[in-house]
Amino acid sequence: MKKNNVALICLAAIVGICFTDCQWQGVARVNQELVLNDSGYFEARGLNVMVFSNWYDGSFDDAKIAGVEMIHHGVRTVTNGDVRLNPTPGQWDAIPEFVSRNVGKDGIEAVLRYSKYDFQYSVRGEARDGGVYVSVHSDRPIPDGLVGIAGFNLEFLPSAYWGKSFITDNASGLFPLYPSSDMTAINGETEPAPLASGKRIDLAPDDAERHITIASADNELQLFDGRNKAQNGWFVVRSLLPANKSGKIIEWFITAQTLKNWTRKPVIAHSQVGYHPAQQKVAVIELDKNDARTSKVQLLKINNDGSTTKVLNEKPKTWGRYLRYNYLTFDFSSIKEKGVYRLQYGDVVTASFRIDNNVYQNAWQPTLDVFYPVQMDHIFVREAYRVWHGDSHRDDALQAPINHHHFDLYAQGATTGNKYKPLQHIPGLNVGGWYDAGDFDIRTQTQNAVIMDLVRSYEHFGIMRDETTINPKSRSVEIHVPDGLPDILQQIEHGVIQLLAQQKAVGYAVNGIVESHIEQYRHLGDAVNKTDNISGNKDDRWAFTNKSTPLNYGAAAALASASRALKGYNANLATECLQVAQKIWADEHSHKPDIFVFTKGYLNTIGGALDAEEFRAAVELLQATGDDRYKNRINEMYPEISKKFGWLAGTIAQAIPLMDEKFKAQVEPQVKTYMDNLAAFNQNPFGVFISTGGWAGNGGIIQNSINCYLLHQHFPDLVNPELVYQGLNYIYGTHPDSDISFVSAVGAHSKQVAYGNNRADFTFIAGGIVPGVLILKPDFPENKEDYPFFWGENEYVVNLGASYIFLVNAVDNLLNNRQ
């Protein structure tokens with residue numbers, strides 16, 4: 001039986017009062033001290049308390065990674081400890097502005113401000129008395145406009161608590177699996193009534209790994225279920241800030257139970273799909289820093305009678321420290337015999353994986369067979385007995401209003417840029433394209449990328465798979481029903497008809513087509529129900545139509561590439577694609593570039609850098625036409641383009657066989673530098689560059705691997721093919737935090753709870769690829785497997801599918817010498 005103890009956390013969300021020991025009789029304490037470590041957070045074994053180590057998402061508001069947070073027995077279960085203006089804040093509800101954060105020898109202090117109310121306060125954390133005091137200070141009483149509105153909130157992860165109990169001063173209950181609170185009016189808004197209230201709340205006293213106690217001497221604690229208002233809501237404990245007080249206003253006292261000598265279970269990071277006999281095979285073992293055990297790693301071969309044979313039993317090599325964990329590596333590259341295997345380290349045993357020549361041959365198929373049909377807009381999609389969605393957005397689209405900043409990183413400038421007036425219907429846009437991600441907008445920049453990567457896969461690997469019926473005339477799709485036509489070409493066709501529709505409608509590429517109102521944007525379920533599908537009504541999506549030369553070049557590149565793939569499939573469409581691409585090129589070279597400048601926020605919907613987008617267009621047009629004017633432009637641009645080699649390596653590699661030997665000679669030193677940079681960046685045991693931004697890095701990892709494949713074709717002595725394989729191994733489970741495959745339904749243990757358009761059902765779309773492991777500052781790698789609503793970790797994005805299809809075929813091509 002495991003023994004447990006209690007580590008004391010004193011979270012003083014303080015707005016006024018300091019407690020004495022006599023006020024806390026009955027709250028368990030131990031001598032385990034929480035200390036402020038060198039990484040800037042409070043730490044005890046089995047428990048971390050962070051005070052604004054992370055900040056609200058700069059682009060998408062409340063991402064549940066801010067304020068006071070707790071990592072409890074290795075799982076981040078608590079977040080958003082801060083002053084908020086709602087009992088259960090939603091994603092777009094008001095958040096404070098971050099002013100500053102200071103870590104000193106006595107603790108941590110973050111200064112925050114609600115400018116609208118001229119209210120500034122600080123959250124201060126101090127480690128003493130066997131715990132951590134986190135206090136909120138204000139030099140003056142809260143403004144009248146915030147009385148009864150502002151409160152200190154602390155949010156608890158639903159999947160960590162549902163089914164467990166809570167106990168208050170005089171009541172008890174169970175955290176519900178599904179929200180069922182009574183609803184009431186609070187400050188003029190519909191809000192859930194509290195599940196419980198009192199001066200003390202114990203959360204999960206029946207689970208030592210999740211048991212947290214919150215108590216308050218003078219302030220009522222209320223427990224809410226935020227999922228009543230939004231499926232991505234959390235359980236919330238809240239106390240209102242009292243009026244007419246300054247200094248410290250509220251104080252909570254929080255203890256968190258910890259298991260004695262708790263040590264996180266090791267993770268054996270490996271490929272859930274398996275390995276080709278010829279490639280390197282390295283498992284990475286992730287260990288708690290307190291894990292002092294030494295074990296050998298066993299490679300077990302599974303026999304057909306159910307028995308196992310111990311193939312290897314060796315001591316792993318010490319790699320060292322990365323982020324908060326220690327790592328070992330186990331190289332079993334010497335094993336080339338085909339079969340089914342498992343790895344074991346101590347009492348941890350992996351799922352089964354294969355070693356075989358054909359492990360990758362089918363791994364991309366769910367993405368083309370299922371994920372892409374499900375993402376198709378403007379068409380009805382059925383899979384056997386299931387209807388994924390109806391023929392959505394038949395009413396596209398209204399011209400977006402001028403001087404408007406949209407909540408999903410779109411904006412319309414001072415003019416529409418075309419003949420249509422604000423909110424006037426633009427005909428012809430209700431065809432083709434894919435839902436961008438877990439949401440439903442058509443982001444043109446993404447559409448361009450999907451088309452080019454699908455064309456690249458078709459041209460390099462001759463993919464002719466047919467498992468889907470796609471009927472543009474009836475606007476219908478049947479998954480798992482072949483129609484005699486290559487699915488990849490049908491998907492390319494579906495993408496280009498949207499790009500061509502934009503050019504016909506307004507004369508250039510639109511930024512995107514997106515829901516006009518927040519109520520529609522947050523829609524979960526069948527997109528056909530989001531609008532009435534009758535053109536000209538207020539529920540129609542908006543088209544954002546700022547002229548953008550970079551975005552228009554991106555469309556030209558996509559159309560030129562598609563013209564090559566479609567030539568033998570739909571000759572008329574192929575001709576139209578090339579003609580429009582050439583027209584865009586000529587038009588954009590006839591005037592100064594149109595660069596949309598927006599100063600009120602970040603946009604990612606107007607194309608990439610001007611020179612990068614023009615260079616891509618030049619390469620695609622050169623490959624489509626052989627015209628020297630594009631070759632000349634590539635030569636003119638390359639001295640500057642070479643400075644962005646890492647961003648454009650794949651396109652540069654594509655240009656090499658179209659250019660002369662002099663061009664290749666210019667590229668060679670850049671390839672050497674690129675390889676050196678990758679080596680410098682890959683300072684982790686997984687052999688890839690892991691980004692630390694607000695969106696996890698699978699997209700960049702896949703792209704770097706593709707770049708290495710394309711460069712290897714021309715510089716085999718400079719580019720090690722293992723760099724290609726390592727990226728795919730990472731996607732399949734050789735990564736921090738867990739060993740899960742980030743491709744749903746691919747591999748023995750894959751992503752089954754993801755941020756797709758069906759995320760409200762805590763499920764997945766086969767073949768979708770999620771962003772992956774998010775590195776939360778300063779040192780916590782996270783990918784939630786039981787909670788889908790972290791978009792930066794779990795959201796499918798449509799262009800990642802196309803690049804993944806290419807990478808899998810590239811790896812299979814290299815290992816099986818398919819040319």
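This is a predicted model: local features need pLDDT of at least 70, side-chain atom pairs count only at pLDDT 80 or more; totals for chains, interfaces and linings use all residues.
Residues are numbered from 1 along each chain as its sequence is written, and side-chain values use heavy atoms, with hydrogens and water left out.

Helices (DSSP runs of H or I, at least four residues) and strands (E, at least two) are numbered from the N terminus. Axes are lines fitted to C-alpha atoms, for helices over the stretch in contact, and angles between N-to-C directions run from 0 to 180 degrees. Helix 15 (residues 798-815) packs against helix 13 (residues 722-731) at an angle of about 130°, the axes being 10 Å apart. Helix 13 is therefore oblique to helix 15; in this scheme angles under 35 degrees count as roughly parallel, over 145 as roughly antiparallel, 65 to 115 as roughly perpendicular and the rest as oblique. The contact (heavy atoms within 4.5 Å) involves Val-724, Tyr-725 and Leu-728 of helix 13, together with Tyr-804, Leu-807, Val-808, Val-811, Leu-814 and Leu-815 of helix 15. By class, these residues comprise nine nonpolar, no polar and no charged, where Ala, Val, Leu, Ile, Met, Phe, Trp, Tyr, Cys and Pro count as nonpolar, Asp, Glu, Lys and Arg as charged, and the others, Gly among them, as polar.

Helix 15 also meets helix 2 (residues 365-375), with axes that come within 11 Å and cross at roughly 160°. Helix 2 and helix 15 are therefore roughly antiparallel to each other. On the side of helix 2, the contact is formed by Thr-367, Leu-368, Phe-371, Tyr-372 and Gln-375, which meet Val-798, Asn-799, Gly-801, Ala-802, Tyr-804 and Ile-805 of helix 15. This contact has seven nonpolar, four polar and no charged residues.

Ile-634, Asn-635 and Tyr-638 of helix 9 make the contact with Phe-663, Gln-666, Val-667 and Gln-670 of helix 11. The residues of this contact divide into four nonpolar, three polar and no charged.

Strands are taken to pair if DSSP finds at least two bridges between them. An open sheet with mixed pairing is formed by four strands in the order 35-42-41-38. Strand 35 (398-399) and strand 38 (442-443) stand at its edges with a single partner strand each, so one side of each has no neighbour in the sheet. Strand 38 pairs with strand 41 (residues 512-514) in the antiparallel sense over two bridges, and Arg-443 stands opposite Gly-512 in strand 41.

Antiparallel pairing over five bridges joins strand 28 (residues 317-322) to strand 29 (residues 325-331). Tyr-322 stands opposite Tyr-325 in strand 29. The hairpin of these strands has two residues between them, and Leu-323 takes a positive phi near 55°.

The whole structure holds 41 salt bridges, defined by a side-chain nitrogen of Lys or Arg within 4 Å of a carboxyl oxygen of Asp or Glu. Asp-118 lies in the loop between strand 8 (107-114) and strand 9 (119-128) and Arg-140 in the loop between strand 10 (131-138) and strand 11 (151-156), so the pair ties together parts 22 residues apart in sequence.
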